[in-house]
Amino acid sequence: MDGGRVLGAPAAVLDGRSRGSVLLRRVLAGTPAGESPLTHAELVPAREGVTQGWPDWVPEDVRAPFLARGIARPWSHQAAAADRAHVGEHVVVATGTASGKSLAYQLPVLTRLNADPRATALYLSPTKALGADQLRTVAELRVDGVRAASYDGDTPLPERDWVRQHANWVFTNPDMLHRGILPRHGRWTTFLRRLRYVVIDECHTYRGLFGSHVALLMRRLRRVCARYGAHPTFVLASATVSEPAVSASVLTGLDVAEVTDDGSPRGARAVALWEPPLLEEVTGENGAPVRRSAGAETARMLADLVVEGARSLAFVRSRRGAELTALGARRVLAEIDEELASQVAAYRAGYLPEERRALEQALLSGSLRGVATTNALELGVDIAGLDAVVVAGFPGTRASFWQQAGRAGRSGDDALVVLVARDDPLDTYLVHHPEAMLGAPLERCVLDPTNPYVLAPHLACAASEIPLTREDVASLGGDAALAVVDDLVAEGLLRRRRGGWFWSHPTDRPHAGVDIRGSGGEQVVLVESDTGRMLGTVDPGTAPATVHPGAVHLHQGESYVVDSLDLDDGLAHLHAEDPEWTTQARTVIDITVIETERCAPHGDLQVCLGSVEVSEQVVGYLRKLPSGRVLDSTPLDMPERSLRTRAVWYTLTEDALLRAGLEPSRWPGALHAAEHAAIGLLPLVATCDRWDIGGVSTALHPDTGRPTVFVHDGHPGGAGFADRGHEALREWLTATRAAIADCECPSGCPSCVQSPKCGNGNDPLDKAGAVVVLDVVLTRLAEG
Ligand SMILES: [Zn+2]
Ligand SMILES: [Zn+2]
């Protein structure tokens, strides 16, 4: 939870008289007889706000507009972070949703710009929508001497000159900094020389590969600033994560202090964890039981909440899911009252400010009571103080979950928050382990700026911005960077001269070829066959498995079927179609250990970390119905793809498995099931998606000579996920074991050991055997 908590027995919550308790009773009353989906409920009590006086360095000019907007005094965390930034300390403020993190950077920046007409500041946000909202807020404050303006891909060319020459607070994003500002830093000399603050908003979104790119971008920015004699102070805002200062320091390359004591007030919330029951008649892949879908369960809850007059928001994973959920709720309500049905809508459209404002208004006025939406609403929409939020499926990170939950009860009223588990091991674990949701966060925002595949393009960009000295190379990436620079010289991209390394092609800058949101390599472009319209791109590494001919591909919530894939040209043709089945690629995977960096023996267990080469070939695909039933299997002839990346792995001796009672015939299924669940649970300790990682398990691996389970990063060079898994191995595998054991299915299902991306059609899998394997591993870890 963002802050303190009080444990309450479900009874105390269920019998309570608060709004949240009443709504929870209502939702429970709608549950079919004989079902008990509620796994936990607790009342998170209201918290009084803790204010502090205005710091005495904040002048009247800056204070007055805040006072006029009803902000009498800052919350304690705002003042604490602002104080540090004011004296030039780099600081990250990591507090709950809607705790007013903006004020923490607005105070020092506005004060500085107000006092010093020559000072400048830079604001970076991961999305344009958020940046636009923040800019509007600052502009409305009308502080004397502050000229704030946006500079992004949408800024008209004539305006760009004005911004460069006159604005003293520029709002932009990492993409524009990379492509538009740093390569032309000569035109920004005045602005950069006077740069006093860099604000990085929502910095927890810079994780994984994208985070690694942004980390190098920040080092490039600092180097160019230093060239002009500027050493700006970094102020970062983050959602609640584990050790925010550690991540912020990796992101910026600076020593960053953290402020995490949230002084903002919060209404009471009843938090309920919900696991839909296993269905009796329906079976899925390999005869496994399946649960009622989180979407169906959520639709029913949304209807109940609307009947109760509660203004409610349901977060659903896909756009189509959001529409189905709204439709399902309307159908239930129509049987009661058509008028009620009209109060439910799906929020589908993108980020047009007018649409967002209209939705906010409708919810505020009560003309809409129930809205089903995707994560589109997560950032940059000002909807707060709702009576209930239902989250259908854990959104991947705790930060996202609380961001969504934070829409409820913000204005001091109490409210209901429900997490409905999807068929997924992480969801299973969370609804059975409330402390993981409500206790101190375990998940660390992970990134790895030493990845040579990320370093190389940024070193090239940096050299073309200003020739690199040896000190530059060291500060951009240490020893790893020196090796990469040698490679770039060998490739003819850099030239070594006295005084450093120079970019070899002065007329042709490398920036445009570097996609900081991509994963390296040419992206595969998705084109709609009939219209020729470009839909987007997919990663070349995952293309064979996700956009092979015949694949059903979801793109921004819309369903398409792939007609053809040409990997040489990087082109896939698709047409809009929404068949009743989904597809799952079948692959043959091989993994080779390239270098073992660490290997710790724990008796007959070994835990290792290092670099590996994964070769993967898609050999066909299955068509599956939503129930999991397989319609047929189609062979495919796709090229083999190889991936050099990082992995964490453990091995056990054959003896250890035999002594634990596992016959050799069960080893493949046991290790495979343990591998699947481990991949599903890694996001508990690292902010990653299960699609960012992969795994291989085998009863006898040629490199280790033993039964082995590998979990590897999914991108070339890795993004820190395997390293984080290695570091937090015990917490990670303890949770993995619990997720498997907690699932009440008899022999494995999607909620525990089956994986939606398994290349082997989830066969063989031995659920009980996986628990035995993990017990041996955890016992050895505890002993050692
Ligand atoms: Zn299960
Ligand atoms: Zn598998």
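Let's start inside. Buried means under 20% relative accessible area, exposed means over 50%, and partly exposed is in between, with a 1.4 Å probe and protein chains only. Helices here are DSSP runs of H or I with at least four residues, strands are runs of E with at least two, and both are numbered from the N terminus.

Before I go on, the ground rules. This is a predicted model, where local features need pLDDT of at least 70, side-chain atom pairs count only at pLDDT 80 or more, and totals for chains, interfaces and linings use all residues. Residues are numbered from 1 along each chain as its sequence is written, chains are lettered from A and ligands numbered from 1 in the order in which they are written, and side-chain values use heavy atoms, with hydrogens and water left out.

Back to α8. The buried residues are P174, M176, L177, H178, G180 and I181. What covers them? The cover includes β3 (120-124), α7 (157-166), β5, α10 (208-227) and α19 (452-465).

How confident is the predictor? pLDDT is its confidence in each residue, from 0 to 100. The chain averages 90, and 95% of the residues score at least 70. Residues 1-8 stay under 50. For that stretch the model has 28 contacts beyond four places in sequence, a contact being heavy atoms within 4.5 Å. Where pLDDT is low, the predicted coordinates should not be read in detail.

Now the metals. Donors are N, O and S atoms within 2.8 Å of the metal, or 3.2 Å for Na, K and Ca; water is not among the atoms, so sites may look incomplete.

Take the zinc ion that is ligand 1. Its protein donors are the SG atoms of C743, C745, C749 and C752, at 2.3 to 2.4 Å. Along the sequence the spacing is C-x1-C-x3-C-x2-C. Why is the arrangement called tetrahedral? Because the 4 donor atoms subtend angles of 99 to 119°. Four donors count as tetrahedral if all angles lie between 85 and 135 degrees; four count as square planar and six as octahedral if opposite donors are over 155 degrees apart and all others between 65 and 115; anything else is irregular. For four tetrahedral donors, the ideal angle is 109.5 degrees. Two of these cysteines, C749 and C752, are buried, with C749 at 0% relative accessible area and C752 at 0% too.

Next, the zinc ion that is ligand 2. Which protein donors does it have? They are H672 (NE2), H676 (NE2) and C758 (SG), at 2.0 to 2.3 Å. The spacing is H-x3-H-x81-C. H672 and H676 are 4 residues apart in helix α23 (residues 667-681), so about one helical turn separates them. H672 is buried at 6%, and H676 is buried at 4%.

On to aromatics. The whole structure holds 11 aromatic pairs. Rings of Phe, Tyr and Trp (its six-membered ring) pair if their centres lie within 6.5 Å; planes under 30 degrees apart are stacked, over 60 edge-to-face, and the rest tilted.

One of them is W54 with F66: the ring centres are 6.1 Å apart and the planes at 35°, so the pair is tilted. W54 sits in the loop between β1 (38-44) and α3 (60-68), F66 in helix α3, so the pair ties together parts 12 residues apart in sequence. W54 is buried at 15%. F66 is buried at 3%.

Then Y105 and W169: centres 6.3 Å apart, planes at 90°, so this pair is edge-to-face. Y105 is in helix α5 (residues 101-115) and W169 in strand β5 (residues 169-172), so the pair ties together parts 64 residues apart in sequence. Are they buried or exposed? Y105 and W169 are buried. Ring pairs link Y105, Y123, W169 and F171 into a cluster.

Last, charges over rings. That needs NZ of Lys or CZ of Arg within 6 Å of the ring centre and within 35 degrees of the ring normal. R160 lies over the face of Y151, 5.6 Å from the ring centre. The charged end of R496 sits over the ring of W501, at 4.4 Å from its centre.

Conventions: pLDDT = per-residue confidence, 0-100.
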